[in-house]
Amino acid sequence: MTEAPWRIETDPDPGACADLLAAAFAREPAVTWICGGSASARTHWFRNTLRTHAGLAGARRTALTDADGRLLAVAVLTPPGATPTAGARALWAARTLLRPGPRALGRTLRYLDTTEGCAPAGAWTLEFIGVGPALTGRGVGRALLDHVLSAVPAGAGTYLTTADPSNVPLYHHFGFTTLHEARLGPLPITAMTRAPAPLR
């Protein structure tokens, strides 16, 4: 029996996850619209966002790693109803204002205003899933998404948004359906949901 070329890691370091996601999302439309083309701005945005996310009760980070523990792909999920405290939001806003700057702060808030509150009751939100750029097309992202979706508690659905139209057919393949579509500046945002797994 051949051993899998990767393994699952739960609760990987938020900073390491942020760095991988910053590389994975280098050309993703929403992150590019928010952060511009600056790798530094993108990295600071992900580090700040994942630091805040890590403070949420029940928040999940899951990674695929190689045999040496190097991150290959990362997924970030928020449990139903979890939101940062007012203090955590203020700290996130201050850090975002400092780096990557006011444009990133304003555009992130506009994106959140467009997408927050759309998730079905009881659904987990898949905030981010990304693969190291050198590994795209090798099945790593699919393997991680399969694992993440199977780990969502029975009876709970999954919700996500994407501003990349090429992602929509992929998520349809994984059982997501389109909930609604919206436009934010140049971004065509698609909100998608996956039905709850049956209770056992």
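Reader: What kind of model is it, and how are residues numbered?
Author: This is a predicted model, where local features need pLDDT of at least 70, side-chain atom pairs count only at pLDDT 80 or more, and totals for chains, interfaces and linings use all residues. Residues are numbered from 1 along each chain as its sequence is written, and side-chain values use heavy atoms, with hydrogens and water left out.

Reader: How many residues does the largest nonpolar core have?
Author: The largest nonpolar core has 25 residues. Such a core is a set of buried Ala, Val, Leu, Ile, Met, Phe, Trp, Tyr and Cys residues joined through side-chain atoms within 4.5 Å. Buried means under 20% relative accessible area, exposed over 50%, and partly exposed in between (1.4 Å probe, protein chains only).

Reader: Which residues have the most contacts inside it?
Author: Leu21, Trp45, Phe46, Leu50, Val74, Phe128 and Leu187.

Reader: Which elements give two or more residues to this core?
Author: Helix 1 (14–24), helix 2 (29–35), helix 3 (39–54), strand 3 (71–78), helix 5 (102–115) and strand 7 (187–194). Helices (H or I, at least four residues) and strands (E, at least two) are DSSP runs, numbered from the N terminus.

Reader: And what lies apart from that core?
Author: Another core, of 23 residues. Leu77, Val168, Phe174 and Phe176 are among them.

Reader: Back to Trp45. What does it touch?
Author: Val31, Ile34, Cys35, Thr96, Pro100, Thr108 and Phe128, not counting residues up to four places away in sequence. Contact means heavy atoms within 4.5 Å.

Reader: Thr96 is on that list. Buried or exposed?
Author: Thr96 is buried, with a relative accessible area of 0%. Thr96 is in helix 4. Beyond four places in sequence, Thr96 contacts Trp45, Asn48, Gly101, Ala104 and Leu105.

Reader: Pro100 is there too. What kind of peptide bond joins Arg99 and Pro100?
Author: A cis one, with omega about 20 degrees. Pro100 lies in the loop between helix 4 (86–98) and helix 5.

Reader: Next topic. At what angle do helix 1 and helix 3 pack?
Author: About 140 degrees, with their axes 8 Å apart. Axes are lines fitted to C-alpha atoms, for helices over the stretch in contact, and angles run from 0 to 180 degrees between N-to-C directions.

Reader: Which residues meet there?
Author: From helix 1, Pro14, Cys17, Ala18, Asp19, Leu21 and Ala22. From helix 3, Arg42, Thr43, Phe46, Arg47, Leu50 and Ala54.

Reader: How does that split by class?
Author: The contact has 8 nonpolar, 1 polar and 3 charged residues. Ala, Val, Leu, Ile, Met, Phe, Trp, Tyr, Cys and Pro count as nonpolar, Asp, Glu, Lys and Arg as charged, and the others, Gly among them, as polar.

Reader: What about the phi of Asp11?
Author: Positive, about 60 degrees, although Asp11 is not a glycine. Most residues other than glycine have a negative phi. Asp11 sits in the loop between strand 1 (7–10) and helix 1. At 58% relative accessibility, Asp11 counts as exposed.

Reader: Where is His172?
Author: In helix 7 (residues 167–173). His172 is partly exposed, at 38% relative accessibility. Leaving aside neighbours within four places in sequence, His172 contacts Thr177, Thr178 and Met192.

Reader: Last one. Where is Glu28?
Author: In the loop between helix 1 and helix 2. At 14% relative accessibility, Glu28 counts as buried. Glu28 and Tyr111 are 83 residues apart in sequence and 14 Å apart in space, C-alpha to C-alpha.
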